[in-house]
Amino acid sequence: MSFAGLNALEIATIASAKRFLSQHVVQNIIDGIWDGDIIFWESLSVHTRKRAQIYHRRRADPYCRLRVPRYQKAFEAAFFAIFLSLYYAVLIERNSQHITVVEVLLYLWIFAFGLDEFGEFRDAGSLFYATDFWSLWDVGIVGIGIAYLILRKLIAL
């Protein structure tokens, strides 16, 4: 198992080092990351390197706040609520003869969700990504969505 390119918090998380992670100083750092006081991306540019730094409102790109975990989780919750609404609407509007507008919106949502998961995988790395149960669950959602699209197209023909 290679830990190249990972920081101490990521290694401790993978290794389940609960004693290290429970230290008050480490918890302060984790809280700073969660709240966005410590950021890893100076801007949303493709050429930006990932490195930890204190957030300075005057110098930093305001869009780098989109990568703050607190805001990401809020967006994920809203994104999931939209998914449930679209899924429910597809179930209510069942039409075996043709693909409806709501179904197309659901396919677009699944595509966007898959792109988001790919970005998370690329940012976190395969080793760190695979340790999170919910990340694997998200991959399952994308896989089921793709299977549904394929089967739906076959049945509609």
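At what angle do helix H3 and helix H4 pack, and how far apart are their axes? Helix H3 (residues 24-35) packs with helix H4 (residues 69-92) at an angle of about 55°, and their axes are 5 Å apart. This is a predicted model, in which local features need pLDDT of at least 70 and side-chain atom pairs count only at pLDDT 80 or more, while totals for chains, interfaces and linings use all residues. Residues are numbered from 1 along each chain as its sequence is written, and side-chain values use heavy atoms, with hydrogens and water left out. Helices (H or I, at least four residues) and strands (E, at least two) are DSSP runs, numbered from the N terminus.

**Helices H3 and H4**

- Axes are lines fitted to C-alpha atoms, for helices over the stretch in contact, and angles run from 0 to 180 degrees between N-to-C directions.
- The angle of about 55° makes H3 oblique to H4; under 35 degrees counts as roughly parallel, over 145 as roughly antiparallel, 65 to 115 as roughly perpendicular and the rest as oblique.
- Ile-33, Trp-34 and Asp-35 of H3 make the contact with Pro-69, Arg-70 and Lys-73 of H4, where contact means heavy atoms within 4.5 Å.
- By class, the contact of H3 with H4 has three nonpolar, no polar and three charged residues (Ala, Val, Leu, Ile, Met, Phe, Trp, Tyr, Cys and Pro count as nonpolar, Asp, Glu, Lys and Arg as charged, and the others, Gly among them, as polar).
- Asp-31 is also found in helix H3 and is partly exposed, with a relative accessible area of 40%; buried means under 20%, exposed over 50% and partly exposed in between (1.4 Å probe, protein chains only).
- Asp-31 and Arg-70 are 39 residues apart in sequence, and their C-alpha atoms are 9.9 Å apart in space.

**Largest pocket**

- The largest pocket has a volume of about 1,800 Å³.
- A pocket is an open set of points on a 1 Å grid over the protein atoms alone, where a 1.4 Å probe fits, with protein on both sides within 12 Å along at least five of seven lines; lining residues have an atom within 4 Å of a point.
- Grid points are joined across faces, edges and corners, and a volume is the space filled by probe spheres set on the points.
- Of the 46 residues that line the largest pocket, Pro-69, Gln-72, Lys-73, Glu-76 and Glu-120 are the closest to its centre.
- H5 gives the largest share of this lining, 10 residues.
- The lining of the largest pocket has 27 nonpolar, seven polar and 12 charged residues.

**Second largest pocket**

- The second largest pocket has a volume of about 430 Å³.
- Tyr-87, Val-90, Leu-91, Leu-106 and Tyr-148 are the closest to its centre of the 19 residues that line it.
- H4, H5 and H7 each supply at least two residues of the lining, and the largest share, seven residues, comes from H7.

- Glu-10 lies in helix H1 and counts as buried at 11% relative accessibility.
- Not counting residues up to four places away in sequence, Glu-10 touches Gly-5, Lys-50 and Phe-128.
- Ile-11, also in helix H1, counts as partly exposed at 28% relative accessibility.
- Ser-16 lies in the loop between H1 and helix H2 (18-21), and its phi is near 55°, a positive value in a residue other than glycine.
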